[in-house]
Amino acid sequence: TGIYNVAARLSEVWYFVPSALALAAFPQMVKLRASSPQVYQRRMQDAQDFSAAFGTIIAISSFWWAGPLVSILFGAPYADSVSVLQIYVWAGIVFATRSLIHKWLLAEDQFWSSALINMTGAAANVVLNLILIPHYGAEGAAVATVVSYTLAPLLLAPVVPKLRPVAIMQIKAIA
């Protein structure tokens, strides 16, 4: 539990950047939605692209900073958390884009869709944890988190038509 917790906390430190940007941009995005829907959609895609790029840079760079950071902050007893961190940090790409998606859903009056995405992700995470943790331990839990974050909006988009536009934005950004 401690190994996983160290990895999760260090990975989630980066989440404040996309969350703060999404929060700061939200009022302007709502105004833009009313005045120019095409520009609004373009800016949303640009913001998604930026967020995905930020998350990707953090994830890739974790191969260089994860080991030294864990060593400095927690010492040798937590060295096993490095591999968990290097997996878990990939969830940041999806988290960054989801920060904007949840704001988009609010602007589009899709409050329940946001809750549905979160509930689907949570259910997927529980099922994947039950499958992966017995075989792979903390690394399995990290994989479950990354996969459940990624699958939630993609699983719902075909079922909930109102989520298709935002799922397409997210897929384009991550691609």
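Helices α1 and α4 are oblique to each other. In this predicted model, the axes of α1 (residues 2–12) and α4 (residues 81–88) cross at roughly 40° and come within 8 Å. The crossing of α1 past α4 is right-handed. On the α1 side, the contact is made by I3, Y4, V6, A7, A8, L10, S11 and E12, and on the α4 side by S81, V84, L85 and Y88. Sorted by class, this contact of α1 with α4 has 9 nonpolar, 2 polar and 1 charged residues.

A second pair is formed by α2 (residues 16–35) and α5 (residues 91–107), whose axes cross at roughly 30° and come within 9 Å. Angles under 35 degrees count as roughly parallel, so α2 is roughly parallel to α5. Here too the crossing, α2 past α5, is right-handed. From α2, the residues in contact are P18, S19, A22, L23, F26, V30 and R33; from α5, they are F95, A96, S99, L100, K103, L106 and A107. The contact of α2 with α5 has 10 nonpolar, 2 polar and 2 charged residues.

The two pairs are set out below.

| Helices | Axes come within | Crossing angle |
|---|---|---|
| α1 and α4 | 8 Å | roughly 40° |
| α2 and α5 | 9 Å | roughly 30° |

The remaining topic is helix α6. How far does α6 (residues 111–156) span between its end C-alpha atoms? Helix α6 spans only 14 Å, whereas a straight helix of 46 residues would span 68 Å at 1.5 Å a residue. Helix α6 also has a kink of about 150°, centred on Y136.

Technical notes
Residues are numbered from 1 along each chain as its sequence is written. This is a predicted model: local features need pLDDT of at least 70, side-chain atom pairs count only at pLDDT 80 or more; totals for chains, interfaces and linings use all residues. Side-chain values use heavy atoms; hydrogens and water are left out. Axes are lines fitted to C-alpha atoms, for helices over the stretch in contact, and angles run from 0 to 180 degrees between N-to-C directions. Helices (H or I, at least four residues) and strands (E, at least two) are DSSP runs, numbered from the N terminus. Angles under 35 degrees count as roughly parallel, over 145 as roughly antiparallel, 65 to 115 as roughly perpendicular and the rest as oblique. A crossing is left-handed if the near helix is turned anticlockwise from the far one by less than a right angle, and right-handed if clockwise. Contact means heavy atoms within 4.5 Å. Ala, Val, Leu, Ile, Met, Phe, Trp, Tyr, Cys and Pro count as nonpolar, Asp, Glu, Lys and Arg as charged, and the others, Gly among them, as polar. The expected span of a helix is 1.5 Å times one less than its number of residues. The bend at a residue is the angle between axes fitted to the seven residues ending there and the seven starting there.
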